[in-house]
Amino acid sequence: MSNPGAAAASRFASKRSSFLVAAGIFLSRIAGLIRDRVFAHYFGNSDAADAFKAAFRIPNALQNLFGEGVLSASFIPVYAALLARDEEEDARRTAGAVAALLALSTSILVLIGVLATPYLIDAIAPGFSGEKRQLTIRIVRILFPGAGLFVFSAWCLGILNSHRRFFLSYTAPVIWNAAMIGTLWRFGGRYAQFPLAIILSWGSVVGAALMVAVQLPVVLRLLHGLHLSFAFHLENVRTVVRNFFPVFFSRGVVQISAYVDALLASLLPTGAVAALAYAQTLYTLPVSLFGMSVSAAELPAMSGAVGAETGERALLGARQEDIAEVLRARLNAGLRQIAFFVIPSVAAFLVLGDVIVAAIYQSGRFTHSDAMYVWGILAGSTVGLLASTLGRLYSSTYYALKDTRTPLRYAVLRVILTTVLGYLSAIPLPHMLGIDSRWGVAGLTISAGISSWVEFSLLRRTMNRRIGATGLPPAYLAKGWGAALAAAGIGRALLLAVGHRNPIIVAIVVLGPYGIAYFGGAAVLGLPEVRALFNMFSRMRARSS
């Protein structure tokens, strides 16, 4: 039998951890939005903007392949389980060996990437030519070493998360964003767009180095120094490597999807690549704030419950059905947390997206027509926003169970669907409908959303067969959507009534009441997350006083 007091304490610790992750991500994402606003001010939807956004995708693929997601799935479950069993020496040796292997493999790939950049550009942006292509090549070669630093930062994040030091790891990117913002403010008014893009690339590399530097001292204290070794013979290291490759390939197929989007967008008129990147910055905000925060907080806890002989597993017993009960309870609670915040995000992007885009980006070379264009792309992204965020938590549950192959299979299927639907939606469909071809990029986001729902449905069905029924009750979804859409209607009415043309003032007048209306409606409809949120803040305030 479980201990109700211990279970309640565990739930509070989980909510507090997800709050710290969300707070860290929020700060870093706000810094990212400021960075993108300054970028849009100087670059707009120009050729230089297309070149920089396309170039950033290539080293970013390396970061994603070797970075946070892969290490979270392969390294954290092993390392967190060792900590839960108080095997600290083995945990330190495993961390040092993983760092050494990661540094070696990343260095080799960075070198290959720098040398092979022209061929990568031909593959990812075949629509680029002339000076635009040459600029993209130069930017990629500068950014590749920075991507290696990002991978090492992800290793630091894995150590910090396993020790429940969530806030530092997720606020570290603020420094990277600050370096890029400072670069733009310092040099933006003195250089033309093409040389400014080169300077900004160097600013990104400097920011990546600073991001590692701010985390490393705490990591070294937790590990009592850094003991690098290629100790592949250690069983724990072999487990990390065995788990690494399925997740690596899973991330790889996701990167193929991003590659296909960039390739198809490069074939569309000027501005499509940059506009897609602007929309994705906004789209990934709720994914990171809510999907990633809950998933990142739950993964170490789930891994400890599955693999430890102490903690929750000791309270419930070592039987598999009891572990399934723990995972099921955590998963369902996490799904409700995610949906409570993502549903109003979808409604806001769909109904009030023009207000959001204009407030963040409309400045300098980024015009009102650019804002409407990005809103259309963002609206397409809302199709799969809820599915992709909920799917992250399901994937984390598989990783806690040390099953990395099931998410890989479904990721492959998603990429195949995204590729086929994306091509049809971006290239032939606008021509068949007689609309401007640049709107094909909205078709890309819609097709990706449909594919996300297919992947999510498969992840949920397979998990339910393993641990029992999970998911969001229809009544919960109906209440959430009812509160969000009603609040969005109020926001749209305020937009029609407001007479001011300043995008930031309009956003304050419209989005503030929208958020208040949603929380009020959710409270009236009896969504328990409202009360839980206030209780969490009350307990945190009481503990700090």
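H224 lies in the loop between α10 (193–223) and α11 (235–266). The model is predicted.

**Loop residues with a positive phi**

- H224 is not a glycine, yet its phi is positive, near 55°.
- H224 is exposed, with a relative accessible area of 56%. That counts as exposed because the cut-off is over 50%.
- D86 also belongs to a loop, the one between α4 (76–84) and α5 (88–115).
- D86 has a positive phi of about 60°, and it is not a glycine either.
- The relative accessible area of D86 is 60%, so D86 is exposed.

**Helix α21: length**

- Helix α21 runs over residues 503–524, which makes 22 residues.
- From first C-alpha to last, α21 reaches 31 Å. This is close to the 32 Å expected at 1.5 Å a residue.

- Which residues of α21 are buried? They are P503, V506, A507, V510, Y514, Y518, G521 and A522.
- These residues sit on the same side of α21 because they cover an arc of only 95° around the axis.
- I508, I516 and V524 are exposed, on the face of α21 turned away from its buried side.

**Helix α21: its two ends**

- At the start of α21, a side-chain oxygen of N502 comes to within 2.9 Å of the backbone nitrogen of I504.
- Just after α21 comes G526, with a positive phi of about 85°.

Terms used: Residues are numbered from 1 along each chain as its sequence is written. This is a predicted model: local features need pLDDT of at least 70, side-chain atom pairs count only at pLDDT 80 or more; totals for chains, interfaces and linings use all residues. Side-chain values use heavy atoms; hydrogens and water are left out. Helices (H or I, at least four residues) and strands (E, at least two) are DSSP runs, numbered from the N terminus. The expected span of a helix is 1.5 Å times one less than its number of residues. Buried means under 20% relative accessible area, exposed over 50%, partly exposed in between (1.4 Å probe, protein chains only). The arc is that of the directions from the helix axis to the C-beta atoms. A polar contact is a pair of N or O atoms within 3.5 Å; within protein, one must be able to donate a hydrogen and the other to accept it, and residues adjacent in sequence count only if both atoms are side-chain atoms.
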